[in-house]
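Here is a short briefing on one protein chain. Please look over the sequence and the structure before reading on.

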Amino acid sequence: MIEARKKCLYFIAIATASMLVGCSDTDNQDARGHSQPADQSTHVTWPRSTLADLRNDALEAEIDALLARMTVEEKVGQVIQADSASVTPEDVKNYNLGSVLSGGNSAPGPLPYATAGEWVEAADQYYQASIDASDGGVAIPIIWGIDAVHGHNNVVGGTVFPHNIALGAAHNAELIRKISAVTARELRVTGHDWTFAPTLAVPQDDRWGRTYEGFSETPEITRQYAPAIVEGLQGELASAQFMGPEKVISSAKHFVADGGTRDGQDQGDAAVSEEVLRDIHGVAYLDAINAGVQAVMASFSSWNGKKIHGDQHLLTEVLKNQIGFDGFVVGDWNAHGQIEGCTNENCPQAINAGLDMYMAPDSWKGLYENTLQQVKDGVIKQDRLDDAVRRILRVKMRAGLFSSVKPSARPLAGDESILSSAEHKAVARKAVRQSLVLLKNNSGVLPVAPGQHVLVFGESADSISDASGGWTLTWQGGGLPNTAFPKGESILSGLKAAIHEAGGTMEYSADGSFAQQPDVAIAIYGEKPYAEFQGDVSTLLYANPTVLDALKSLKQSGVPTVSVFLSGRPMWVNPLINMSDAFVAAWWPGSEGGGIADVLIATSGGEPAHDFSGKLSFSWPKRADQGPLNVGQDNYDPLFPYGYGLTYADNNTLPDLSEEAGATNKQLNKYSYFEHGRAQAPWRVSTSGDGVHIAAVDYTAQEDAFTVSFTNEDSGTFAIESDTPVDLFREMNGAMELTFAYHLDAALPAPVTLSLGCADSSACQGAVDITTALEATVGEWSTMRVSLSCFAQAGADIRAVNQPFKLQSTSGTTIAIAAVKVVEDSDGLDNCPQ
């Protein structure tokens, strides 16, 4: 075990090391970090970390002793991480797994999120299983990772901070440090010891669905924030707080250039030079590593056509050898399966390239078995496996896990009073205030004067869920009642309190209607929450006809209007700006909606309680087709430039803007196939066989479903299809599911199969028998969910799907269907009908 004194001396040595930037004679290192002859095959030289080549000899000796006792089976177990929805504590014990994660919807219990008590109970079970050495093996505690990316966003009652795009606008690294420290404390309440943060992406195309996870389109802000976040989560190196009882392991992600893919495609290809890779997308990783970050997560994406999970140059030569990173490299959700020649359960290429821990959420068992055999066969060399395990053990020892106790017995564990404590809420509220960017304030409409009758409208005004964005209690976020945030405050509640305190009155409606003529109206609206690839868009056009019509009506009535725009990126909203006297970019502010009122509503004395201080860290588009729009690029022509943001001291009048968008949304509808009684464009209904009849029936509204009757003895089909195929591979890898509502009047007289794939040939379709699953409920409407992976396993070409739904049966079968769509996984399990 690491003695506290040795640990402290080690990090004092690190903190006083000198930086060797741009050194051209970079050495390779063996598993112990000893110098080896330099490899001169790299394309450019990357800067070297201040921490490179420093080791704690006593710690390394402990690792040597531990490795000598471990079997190859135990070593393979350490390099595999499984999702908590797909692995039991008994599995952790039997396979000696090194880590467990909980994906966005993989909380313990029946919901995709959980209470602190539920998390701690599960943490204890996994921990106890990992250190159970009753079989004579080596006891190695697991680390449990989770995406706490804007606070601890998977626990009921946690503090939900503004997303990173908002924090980038705040330009306040010390605030970021405090936010990270709060996040670490709340993670400790639930028994977690590892978060997959910070995200160090530098988004170059705002059409990317993860733009809001980036701080800025330039690396400067990200470089300032990277060490602040790492130190807030882990504690400062050489301090007594480093990896102490209120700190957690940090991961810099996603190495590298996930924000630089062509057309902003999630998991796409960054076609850039290595100089751009280093100087734009990679530079903040050096700052994180210098601050002591213990893990780096590899990116799903590719660099010039090669998947980064399989890129030895980047993972080994650059990250480990040139920069000198001595922690471990963890994968992303089954991303190793995207490497050419790999599957989710078979991929020696990844570990050979430099991956140290596979993230194999639901594929872990097959991957374990194949990896074990590949080590025994020499496909994976023993010294590469030992290096990976050494790195994992090094981090676990630095984190003090070998001298720790079960999670429930650790400081802070289970103390729900820490979640959204007054101190934590104050930090979040300050973050909301400082992240708001004032884009327009004609005639000084803001701040709202005291004693006014204020109309607040918009369906997002009273939704903490809408205000919090993706990665909030669920993976995609959104759609949750305010009761799911028992310690939070909606924007509406915050405005109401501030308006009343200033002697005014407030009226609320979702659609902008009112009973009393308002003195001023505030509209709260914007993008609905999303995460990852579901947020990818073809243009930056945002339209909301309902809100636009309400703003027009109010303007015609002479009512001054304020728009508070919620979004995960800058968007083309010129018509809405034109109809607003004031326009505020509020991003996704989180669970402390009162922070918006702090800035918008004047005090009873008529003075601003707080001024606007936020400045754009992303350029705001002048046209909807300006996907790549970054300061410094050729023909840079934004509506509002990088760094723009008004204060109450400014007396600017914004003239009417052009309402020529320059583009229309051509986003292919990948997810909604049949809704409200009709196929959703570009999808259409088709049948084959003379004996297939369809008729409209009621589900939740009039004629919003079809009854499909099969009357021939020969097989017939009912299908939803399109001429344009969609690629659902990412969705399958994200554990998404095909779902539909159905109703049976009686038991089925004939088998029913459900297929997904191409419409041209059965060779590219995957069919599953759903007869038994359908008959589980007769006489009432029910919902069926089938994992996309089930269809892939049955032979579907998941990358070219133009027939996402096909029912096949024979004479006597009648079934009503409605609401056919692809949705996020509800329980983290493969739902394949038996």
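Predicted model: local features only at pLDDT ≥ 70, side-chain atom pairs only at ≥ 80, totals over all residues.

The chain holds 22 helices and 31 strands. Its radius of gyration is 27 Å, close to the 28 Å that the globule rule gives for 834 residues, so the chain is as compact as a globular protein of that length.

**Whole chain**

- The C-alpha atoms fill a box of roughly 80 × 75 × 50 Å along the principal axes.
- Of the 834 residues, 64% are buried.
- Take the contacts between residues at least 6 apart in sequence: 78% of these join residues at least 24 apart.

**Helix pair H2 and H13**

- Helix H2 spans residues 57–69, and helix H13 spans residues 382–398.
- The two helices pack at an angle of about 125°, with axes 10 Å apart.
- The crossing of H2 and H13 is right-handed.
- On the H2 side, the contact is made by Leu59, Glu60, Glu62, Ile63, Asp64, Leu66 and Leu67.
- On the H13 side, Asp386, Val389, Arg390, Leu393, Arg394, Met397 and Arg398 take part.
- The contact residues divide into seven nonpolar and seven charged, with no polar ones.

**Helix pair H8 and H9**

- Helix H9 covers residues 274–290. Helix H8 covers residues 219–234.
- Their axes come within 8 Å and cross at roughly 25°. H8 is therefore roughly parallel to H9, as the angle is under 35 degrees.
- H8 passes H9 in a right-handed crossing.
- H8 contributes Pro219, Thr222, Arg223, Ala226, Pro227 and Val230 to the contact.
- H9 contributes Asp279, Ile280, Val283, Ala284, Asp287 and Ala288.
- These contact residues divide into eight nonpolar, one polar and three charged.

**Cis peptide bonds**

- Most peptide bonds are trans.
- A cis bond joins Ala197 and Pro198, with omega about 10°. Pro198 sits in the loop between strand E6 (194–195) and helix H8.
- A cis bond also joins Ala681 and Pro682, with omega about 5°. Pro682 sits in the loop between strand E21 (678–679) and strand E22 (684–688).

**Positive phi**

- Most residues other than glycine have a negative phi.
- Asp263 has a positive phi, near 60°. Asp263 lies in the loop between strand E7 (249–255) and strand E8 (269–270).
- His676 has a positive phi as well, near 55°. His676 lies in the loop between strand E20 (672–675) and E21.
- Is His676 buried or exposed? His676 counts as exposed because its relative accessible area is 56%, which is over 50%.

**A buried strand residue**

- Ala582 belongs to strand E19, residues 582–585.
- Ala582 counts as buried because its relative accessibility is 0%, which is under 20%.
- Which residues does Ala582 touch, not counting those up to four places away in sequence? They are Lys440, Asn441, Leu446, Thr561, Val562 and Ser563.
- Leu446 is 136 residues from Ala582 along the chain, yet their C-alpha atoms are separated by 7.1 Å.

Definitions and conventions:
Residues numbered from 1 in each chain as written. Heavy atoms only, no water. Axes fitted to C-alpha atoms, helices over the stretch in contact; angles between N-to-C directions. Helix = DSSP H or I, 4+ residues; strand = E, 2+ residues; numbered from the N terminus. Left-handed = near helix turned anticlockwise from the far one by under 90°. Contact = heavy atoms within 4.5 Å. Nonpolar A, V, L, I, M, F, W, Y, C, P; charged D, E, K, R; others polar. Rg over C-alpha atoms; globule rule 2.2 N^0.38 Å. Buried < 20%, exposed > 50% of the residue type's maximum accessible area, 1.4 Å probe, protein only. Parallel < 35°, antiparallel > 145°, perpendicular 65-115°, else oblique.
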